[in-house]
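Please open the viewer and keep the sequence at hand.

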Amino acid sequence: MKKNKVVTTLLACVMVIAMLPGCGSAATGSADNTAENGDAGADGTEKDDLKQAGLGGLTMLYDDSVWTEQPDQETDSSLAFADKNESILGVSCSKEATYQHPLDMISMAEQIYATYEGYEEIEAPAEVEVQGESWYEWMIRYEENGVATVSLQRFYAKNYYVYTMTYVAEEAAYEAGKSEAAKVMNSVVMSVPGNEEAEEKAKEFLVGTWSIGEGSEGDKGYLVLNEDGTYNWYMDSSLDEKNMHTGIYGCDVENATLGFGEGEGVYLVLYPEALYVNGEKSMTGSPKYDYAFSLEQGSDGSYPLMNVTTFDIYTTFKK
């Protein structure tokens, strides 16, 4: 039964991400002390002889009298541990083709879990802070080989890098291992590469007001990109804040997967935080939207902007 659960846990972790190379390999060893690893003791992990495990830009502490590593079930981009009840704690990472958002990762994971017998969401995704970093936590129940199973998962994303942690147990054993799993999850310290230099280069092109539409007067709205990483996308030419979505954005001057190098295009991802329609606040249908600007300027001064997901192409003019 344990092997099946290990495989299911790791599949659940990795099927929501493409497992592209680049997040780094796994490593384990002794931790020098908890203070050097994010003050994990504040979250209940207080033993001096904790082991340290690492995966890419993630390091964590665990009690090896509780958790036994499962090296035969691991890869360069995943770790797996089991407790005495054969409950599993799994970690996975990848470097993706586009910037990621945990809520989008959860949405993809839900599509997979919805195919399981008896699937139900126990706790909706909620943002949690772990050692100064933002994760999203999600809890579900489903049946595996007719056995009721509960899974607590956490998702992390920073630019192209994504990490998933999953504690999965038979429902009858879930509570017995939950607190120990939480100690490990709460000890996690992240050190993921940033992309600040490329983003600053991209902003040189992006920052400003963009007219969207065939003409230069925003017949399909205006996209305003600010130097501080915030944006407003107005739905029509009136620039009315009652009809727009607003949030933050990320960017890059190259993206091999999208087919352009530096000087050929600019990658833009929008993370909406609010949608206003006739003054009523709600949320957009997705936590992120990916776009690619072509730097090949038209004779009319326009730049093509493509929605990477839908392949819709907009004519844009910088004001």
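**Rings, pockets and a few close approaches**

Tyr 113 is buried, and so is Trp 138. Please keep in mind as we go that this is a predicted model.

How are the rings of Tyr 113 and Trp 138 arranged towards each other? They form an edge-to-face aromatic pair, with 6.0 Å from centre to centre and 65 degrees between the planes. Tyr 113 belongs to helix α2 (residues 102–113) and Trp 138 to strand β8 (residues 133–144), so this pair ties together parts that are 25 residues apart in sequence. The two rings also belong to a cluster, in which ring pairs link Tyr 113, Tyr 116, Trp 138, Tyr 142 and Phe 155.

The structure holds 21 aromatic pairs. Another of them joins Trp 67 and Tyr 167: the ring centres are 6.4 Å apart and the planes stand at 85 degrees, which is over 60 and therefore makes the pair edge-to-face. Trp 67 sits in the loop between β3 (58–62) and β4 (68–69), while Tyr 167 is in strand β10 (residues 161–170), so here the parts tied together are 100 residues apart in sequence. Trp 67 and Tyr 167 are both buried. A ring can also meet a charge, and Phe 205 gives an example: the charged end of Lys 318 sits over its ring, 5.8 Å from the centre.

Let's return to helix α2. Which residues of α2 are buried? They are Pro 102, Asp 104, Met 105, Ile 106, Ala 109, Ile 112 and Tyr 113.

The largest pocket has a volume of about 630 Å³. It is lined by 27 residues, and those closest to its centre are Gln 100, His 101, Ala 157, Ile 248 and Tyr 271. Which elements give two or more residues to this lining? They are α2, β8, β9 (147–158), α4 (196–206), β15 (244–252) and β16 (265–277). Sorted by class, the lining of the largest pocket comprises 12 nonpolar, 9 polar and 6 charged residues.

The second largest pocket holds about 330 Å³ of space. Of the 20 residues in its lining, Lys 95, Tyr 160, Asp 252, Glu 254 and Asn 255 lie nearest the centre. By class, this second lining has 9 nonpolar, 5 polar and 6 charged residues.

Now for strand β9, where we find Leu 152. Is Leu 152 buried or exposed? Its relative accessible area is 5%, under the 20% limit, so Leu 152 counts as buried. Leu 152 and Tyr 174 are 22 residues apart in sequence, and their C-alpha atoms are 9.5 Å apart in space.

Two other pairs can be traced in the viewer in this way. Glu 121, in strand β7 (residues 120–130), is partly exposed, with a relative accessible area of 35%. Met 190 lies in strand β11 (residues 189–190) and is buried, its relative accessible area being 9%. The C-alpha atoms of Met 190 and Leu 55 are separated by 9.8 Å, although the two residues are 135 residues apart along the chain.

Let's finish with the backbone in two loops. Glu 86 has a positive phi of about 65 degrees although it is not a glycine. Glu 86 is placed in the loop between β5 (78–82) and β6 (88–95), and at 32% relative accessibility it counts as partly exposed. Asn 145, also a residue other than glycine, has a positive phi near 55 degrees. The loop between β8 and β9 is where Asn 145 is found, and with a relative accessible area of 61% this residue is exposed.

Note on methods. Residues are numbered from 1 along each chain as its sequence is written. This is a predicted model: local features need pLDDT of at least 70, side-chain atom pairs count only at pLDDT 80 or more; totals for chains, interfaces and linings use all residues. Side-chain values use heavy atoms; hydrogens and water are left out. Rings of Phe, Tyr and Trp (its six-membered ring) pair if their centres lie within 6.5 Å; planes under 30 degrees apart count as stacked, over 60 as edge-to-face and the rest as tilted. Helices (H or I, at least four residues) and strands (E, at least two) are DSSP runs, numbered from the N terminus. Buried means under 20% relative accessible area, exposed over 50%, partly exposed in between (1.4 Å probe, protein chains only). A charge sits over a ring if NZ of Lys or CZ of Arg is within 6 Å of the ring centre and within 35 degrees of the ring normal. On a 1 Å grid over the protein atoms alone, a cavity is a set of points where a 1.4 Å probe fits but cannot get out, and a pocket is an open set with protein on both sides within 12 Å along at least five of seven lines; lining residues have an atom within 4 Å of a point. Grid points are joined across faces, edges and corners, and a volume is the space filled by probe spheres set on the points. Ala, Val, Leu, Ile, Met, Phe, Trp, Tyr, Cys and Pro count as nonpolar, Asp, Glu, Lys and Arg as charged, and the others, Gly among them, as polar.
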